[in-house]
Amino acid sequence: REFKGYYSHILPAVEKAKEKYPDIEFKSRFSGPMETLPNFYEEIMVSIIASDTDAGPSMFGESSLMDIPCISTNIGIPRDVIQNGINGFIVEKDINLIAEKIIELYENRELLKSMSKRIRKDY
């Protein structure tokens, strides 16, 4: 579903960030038993949402409850929860902007750690 921006924005943004930091690792999950979700979220540091519209999305709630901040477009629950630069980032649906935030969190681990501490409580 292209309106989610996975192929058009998320993958290209990650590739752009990897041009600067080749060791950035991208992980994705489209299916599997619910019991394995915590294992998936234990392996990631940030979630990325590039939807045009979404009432949820459920991934935001799941990652927030696992202490994982989010880079998200201005949609649904992320719009109501994310305090830009405090517990995550709200960005325009733009490959360069998403890549910039990935790089910012990669370079500033203290900010990532601070956002991780905030997002569950704020959610």
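Q: What pattern does the protein follow, read along the sequence?
A: This is a predicted model, where local features need pLDDT of at least 70, side-chain atom pairs count only at pLDDT 80 or more, and totals for chains, interfaces and linings use all residues. Residues are numbered from 1 along each chain as its sequence is written, and side-chain values use heavy atoms, leaving out hydrogens and water. Helices (H or I, at least four residues) and strands (E, at least two) are DSSP runs, numbered from the N terminus. Read that way, the protein goes α-α-β-α-β-α-β-α-α.

Q: How many helices and strands is that?
A: Both kinds of element turn up in the protein. The count is six helices and three strands.

Q: Which residues of helix 3 are buried?
A: Buried means under 20% relative accessible area (1.4 Å probe, protein chains only). Of the protein's 123 residues, 41% count as buried. In helix 3, residues 58–65, they are Phe-60, Gly-61, Ser-63 and Ser-64.

Q: What do the buried residues of helix 3 pack against?
A: Contact here means heavy atoms within 4.5 Å. The partners are strand 1 (47–49), strand 2 (70–72), helix 2 (37–42), helix 4 (76–81) and helix 6 (109–122).

Q: Which residue with positive phi follows helix 3?
A: Its phi is near 65°. The residue is Asp-67.

Methods
Buried < 20%, exposed > 50% of the residue type's maximum accessible area, 1.4 Å probe, protein only.
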